[in-house]
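Here is a short tour for anyone meeting this structure for the first time. We'll look at its pockets, then at the charged and aromatic side chains that pair up.

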Amino acid sequence: MAKYPFLQLATVNAPFMDEIQKRVARVVASGRYVGGPEVEELEENLSRLTDREYAVGVSNGLDALRLILRAYVEMGVMKPGDEVIVPANTYIASVLAISDAGLTPGLAEPDFLTANLDLNRLQEYLTPRTRGIMPVHLYGRVCWSAELEDFARRNNLKIIEDNAQAIGASIVCADGKRRHTGGLGDAAAFSFYPTKNIGAMGDAGAVTTSDPELAATVRALANYGSDRRYHNIYKGLNCRLDPVQAAILNVKLPYTDRENQYRRDIAQIYLSTIRNPKVALPLAPDDPSEMVWHQFVVNVDDRESFLRYLDANSIGWDIHYATPPHRQPCYAGEFSAHHYPITTDLADTCVSLPITRCTTPSDAATIARLINAWK
């Protein structure tokens with residue numbers, strides 16, 4: 001076991017365990033194991049957090065994206081073959097959701113410094129079939145701008161946020177109001193996978209929106225396509241949120257700001273201390289609220305040597321993500337006519353350093369010192 005582990009979920013969850021056990025026991029004793037008050041409470045909490053009228057708890061983050069896009073198809077907003085612009089360097093779930101709905105992923109290059117979709121190049125990826133854009137708040141950094149809003153409005157595009165990694169992040173929008181991720185676009189998908197800043201103890205997700213038709217369609221699709229019992233208006237799915245996971249999230253959600261601030265503090269130690277010229281640091285936003293540091297990702301040309309050094313010094317690490325979607329076997333040949341040099345460069349050089357509750361400020365300072373000594 002690494003002296004400085006990348007992540008240990010038991011350590012992350014330890015401060016919440018007493019309350020989690022009480023909440024879970026309450027669900028078990030209730031006899032209500034699908035839906036129920038814990039799911040409804042979580043939906044209310046997420047609606048309040050994002051300032052959206054509707055939140056729908058679902059089975060996981062991928063299903064949240066799938067349901068949004070499938071709902072738009074059922075509503076006639078999109079049709080099979082339409083395109084959705086999505087960053088080429090995202091986790092594959094973003095792209096899988098588009099394909100699953102019968103839509104076409106329009107892979108777009110990121111900005112190397114932020115790793116987010118390059119919002120200055122959107123026009124390059126617009127085609128007559130484009131109907132949506134999926135900004136991914138990668139590694140916990142808000143991907144949003146007035147230009148994005150204007151681009152979507154001028155081209156009549158739906159904005160679907162992939163908010164799997166940025167719960168609690170916020171940005172001041174064009175109208176001067178500060179808004180949280182999940183409350184920026186037409187709809188947003190959340191993931192509460194156990195490793196997220198606010199994670200369940202299993203799979204869980206949610207959809208947020210202020211569109212009543214979209215919310216109703218998502219809810220029906222997630223429940224076998226039914227709007228009432230034994231009345232199936234869509235060929236739906238079973239993507240409901242487990243109330244045990246909802247109960248766990250209801251315990252942890254009020255601590256979102258505290259948990260995010262802890263990560264910001266660890267990130268600041270790295271940013272102010274790591275000075276090795278061979279290790280490129282992530283670009284921190286001017287407004288700290290725009291980043292919740294789901295991952296702290298550096299870029300290193302000689303990655304294999306660097307990883308061996310981290311292993312030798314008992315420093316945990318991970319790679320997010322080594323193989324971008326266009327290189328995955330399931331998309332073999334589909335994007336062969338296109339080149340994504342920035343995406344490829346990021347994939348070949350990225351390394352994630354420890355940044356969870358498993359890493360103390362003292363640990364972070366030691367890790368930074370050891371990285372500075374790498375030659």
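The lining of the second largest pocket divides into 10 nonpolar, five polar and eight charged residues. Keep in mind that this is a predicted model. The volume of this second largest pocket is about 450 Å³. Its lining has 23 residues, and the closest to the pocket centre are Val34, Gly35, Arg219, Asn223 and Arg240. Which elements give two or more residues to this lining? They are helix H3 (37-50), strand E1 (54-58), helix H8 (212-222) and strand E10 (226-228). H8 provides the largest share, with four residues.

Now for the largest pocket. About 570 Å³ of space lies in there. A total of 30 residues line the largest pocket, and Tyr91, Ser191, Tyr193, Lys196 and Tyr321 are the closest to its centre. H4, H5 and strand E8 (187-191) each supply at least two residues of that lining. Sorted by class, the lining of the largest pocket has 13 nonpolar, 12 polar and five charged residues.

The structure has seven aromatic pairs. In one of them, Tyr91 and Tyr321 form a tilted pair, with 5.1 Å centre to centre and 40° between the planes. Where do these two sit along the chain? Tyr91 lies in the loop between strand E2 (83-87) and helix H5 (92-100), while Tyr321 is in the loop between H11 and H12, so the pair ties together parts that are 230 residues apart in sequence. Tyr91 counts as partly exposed, because its relative accessibility is 45%.

Another tilted pair is made by Tyr270 and Phe296, at 4.9 Å centre to centre and with 55° between the planes. This pair also links distant parts of the chain: Tyr270 is in helix H10 (residues 256-273) and Phe296 in strand E12 (residues 296-299), 26 residues apart. Are these two residues buried or exposed? Both Tyr270 and Phe296 are buried. Together with Trp293, they form one aromatic cluster. A ring can also have a charge over its face: Lys278 lies over the face of Trp374, at 5.8 Å from the ring centre.

On to the charged pairs. Side chains of opposite charge can pair when their charged atoms come close. How many salt bridges does the structure hold? The count is 19.

| Salt bridge | Closest N and O atoms |
|---|---|
| Asp63 and Arg66 | 2.5 Å |
| Arg179 and Asp175 | 2.8 Å |
| Asp348 and Arg327 | 3.3 Å |

Let's take the Asp348 and Arg327 bridge to begin with. It links distant parts of the chain: Asp348 is in helix H12 (residues 341-349) and Arg327 in the loop between helix H11 (303-312) and H12, 21 residues apart. Asp348 is partly exposed because its relative accessible area is 35%, and Arg327 counts as partly exposed at 41% relative accessibility. Some bridges also join up: salt bridges that share partners bring Arg23, Arg26, Glu38 and Glu41 into one network.

Leu96 is found in helix H5, and Leu96 is partly exposed, with a relative accessible area of 31%.

How values were computed: Residues are numbered from 1 along each chain as its sequence is written. This is a predicted model: local features need pLDDT of at least 70, side-chain atom pairs count only at pLDDT 80 or more; totals for chains, interfaces and linings use all residues. Side-chain values use heavy atoms; hydrogens and water are left out. A salt bridge is a side-chain nitrogen of Lys or Arg within 4 Å of a carboxyl oxygen of Asp or Glu. Buried means under 20% relative accessible area, exposed over 50%, partly exposed in between (1.4 Å probe, protein chains only). Rings of Phe, Tyr and Trp (its six-membered ring) pair if their centres lie within 6.5 Å; planes under 30 degrees apart count as stacked, over 60 as edge-to-face and the rest as tilted. A charge sits over a ring if NZ of Lys or CZ of Arg is within 6 Å of the ring centre and within 35 degrees of the ring normal. On a 1 Å grid over the protein atoms alone, a cavity is a set of points where a 1.4 Å probe fits but cannot get out, and a pocket is an open set with protein on both sides within 12 Å along at least five of seven lines; lining residues have an atom within 4 Å of a point. Grid points are joined across faces, edges and corners, and a volume is the space filled by probe spheres set on the points. Ala, Val, Leu, Ile, Met, Phe, Trp, Tyr, Cys and Pro count as nonpolar, Asp, Glu, Lys and Arg as charged, and the others, Gly among them, as polar.
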